[in-house]
Amino acid sequence: MRVGVLALQGAFAEHRRMLESLGAETFEIRQRRDADRSFDALVLPGGESTVIGKLLRDLGLMEPLKDLIGKGMPVFGTCAGLILLAERIEGEPSPHIGTMDITAKRNAYGRQLGSFAAEEDFAGVGKIPMVFIRAPYISACGERAEVLARCGGKIVAARQGNQLVTAFHPELTGDARVHGFFLETAAKRR
């Protein structure tokens, strides 16, 4: 399986290492022509969602990626990637890619000092380590989305068809099971 990893900001190198440890081939998406390459799945890493959204627009990547996701390309968004995929963002007038029936709350746990680690159940995977860094959470899931994990009563992972999101950073742990879950799901959709 070949996975394109958006490499504009955030822990894209860590995602690549995790995916490659599971046997996937990866490459970085940095400019418009990269989205035209042949690949089977997409990862949208963490970072600052407003900046990433602006860069996606400025580089002409927003529409091609939205089109690929709309056509069924499996996508995994972590932290800012969750915000990019959300159809609704609390306190913001318009979404970015906006393909997933969820409402995101940005910086829900506070600033950098509000970062923390936890261990919670993830549906279909088991108890996993979760690293939250200036993390959002999902304040509401629409009918099309399914909750996969909660932390402290808040929704921190969900999926909808070809889309998987986490508010936490599984790429920053030594546990590859969430990435494995994504690759298995992506392989079934191919």
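**Exercise 1.** Determine which residue lies over the face of F27, and at what distance from the ring centre.

*Solution.* R37 is the residue over the face of F27, at 4.1 Å from the ring centre; a charge sits over a ring if NZ of Lys or CZ of Arg is within 6 Å of the ring centre and within 35 degrees of the ring normal. The model is a predicted one, in which local features need pLDDT of at least 70 and side-chain atom pairs count only at pLDDT 80 or more, while totals for chains, interfaces and linings use all residues. Residues are numbered from 1 along each chain as its sequence is written, and side-chain values use heavy atoms, with hydrogens and water left out.

**Exercise 2.** Classify the pair of F116 and F132 as stacked or edge-to-face, and state where each residue lies.

*Solution.* Searching the whole structure gives six aromatic pairs, where rings of Phe, Tyr and Trp (its six-membered ring) pair if their centres lie within 6.5 Å, and planes under 30 degrees apart count as stacked, over 60 as edge-to-face and the rest as tilted. For F116 and F132 the centres are 4.6 Å apart and the planes are at 10 degrees, so the pair is stacked. Because F116 belongs to strand β7 (residues 116-122) and F132 to strand β8 (residues 126-132), the pair ties together parts that are 16 residues apart in sequence; strands are DSSP runs (E, at least two residues), numbered from the N terminus.

**Exercise 3.** Name the residues that form one aromatic cluster.

*Solution.* The cluster consists of F116, F122, F132, F168 and F181.

Technical notes:
Helices (H or I, at least four residues) and strands (E, at least two) are DSSP runs, numbered from the N terminus.
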